[in-house]
Amino acid sequence: MLQTISPDRLPFITTVINGSLMSGHVPTAFKKARVIPILKKPALDPSDISNYRSLSLLSFLSKILERVVCNQLSDYLKQNNLHDPNQSGFKATHSTETALLAVTEKLHTARSAKLSSVLILLDLSAAVDTVDHKTLLSTLRSLGICGTAWEWFASYLDGRSYQVTWKGLTSAPRRPSTGVPQGSVLGPLLFSLYTHSLGKVISSHGFSYHCYADDTQLIFSFPPSDTTASARISACLADISSWMTAHQLKLNPSKTELLIIPGGPSPAQDLAISLSNSMISPSATARNLGVTMDNQL
């Protein structure tokens, strides 16, 4: 319908979008969302509230505005080489496939050098819902986003409201104090920028990593005779957990998965890894971005 009437409505839409960009202000009507709970996987128990993710339904005009900003922000990040090279989410020519290829290539290379590897698939709890707005805006400023552009993002995050729809009923409006909307155009890119500094924490321990949105994969390769591997992995996870706490994010140890890929025909080491007072046990297989991987690659 919008395409049919676009010749008459295009000047109005253009005026609204340009007015928002030039003023650094997002209209209040564009910041209202209707939230519907969606099961994360069809086979999960529908009576358990933790098995749902909240999807925000936004007006189409607000998503057009977000798309314009997202395109400009992506171009700015690319031109100034500000993207994390180990993030495959929401980047042109990148996908879950490029993320999986990057990870498996590192594991195959290590195995060819007769090194054992540990692949850790981190799981975050309600990641995009707990993004701290002040920290996100500070991160954007550190990336060179300032002036009216920075004011636009501050306006985008401030004063949002949502109503939950469930089984024909609708809740009273609520105002979130944290988070970016799931289902929005800009939300995923803003989240990837929010976690931009996590890579430095991981790399400081000598680990490789690769991300797709909030899915973070850690890779640590070592000689099979190395007796310090378990302690080094635990130390890295402890620093990651501290970074998460400082950014109001939370690791979920119960859903974090661990694969040990041996460097040769010898059996894999039995590593005891601790995370947030929980022990993570190695498994023979793990589901990684929709693909099941095993410890023999």
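Buried residues have under 20% relative accessible area and exposed residues over 50%, with partly exposed in between (1.4 Å probe, protein chains only). The legends below describe a predicted model, in which local features need pLDDT of at least 70, side-chain atom pairs count only at pLDDT 80 or more, and totals for chains, interfaces and linings use all residues. Residues are numbered from 1 along each chain as its sequence is written, and side-chain values use heavy atoms, with hydrogens and water left out.

**View A. The buried side of helix 4.** Helix 4 spans residues 133-142, and His133, Leu136, Leu137, Thr139 and Leu140 are buried in it. These residues lie on the same side of helix 4, because they cover an arc of only 155° around the axis (the arc of the directions from the helix axis to the C-beta atoms). Lys134 and Ser142 are exposed, on the face turned away from the buried side of helix 4. Helix 5 (147-157) and helix 6 (187-194) are among the elements covering the buried residues. Helices (H or I, at least four residues) and strands (E, at least two) are DSSP runs, numbered from the N terminus.

**View B. Strands 3 and 8.** Strand 3 (residues 116-122) pairs with strand 8 in the antiparallel sense, over five bridges; pairing requires that DSSP finds at least two bridges between the strands. Leucine 258 in strand 8 stands opposite isoleucine 120. Strand 8 (residues 257-261) is largely enclosed by the rest of the structure, because four of its five residues are buried.

**View C. The largest pocket.** A pocket is an open set of points on a 1 Å grid over the protein atoms alone, where a 1.4 Å probe fits, with protein on both sides within 12 Å along at least five of seven lines; lining residues have an atom within 4 Å of a point. The volume of the largest pocket is about 1,400 Å³. Its lining has 41 residues, with Lys40, Arg53, Asp123, Asp214 and Asp215 nearest the centre. Strand 2 (52-57), strand 3, helix 6, strand 7 (215-222) and strand 11 (285-288) each give two or more residues to this lining.

**View D. The second largest pocket.** The second largest pocket holds about 410 Å³ of space. Ser74, His83, Phe90, Lys91 and Ala92 are the closest to its centre among the 18 lining residues. Helix 2 (60-79) and helix 6 each supply two or more residues of the lining, and helix 2 has the largest share, seven residues.

Conventions: Contact = heavy atoms within 4.5 Å. Points joined across faces, edges and corners; volume = space filled by probe spheres on them.
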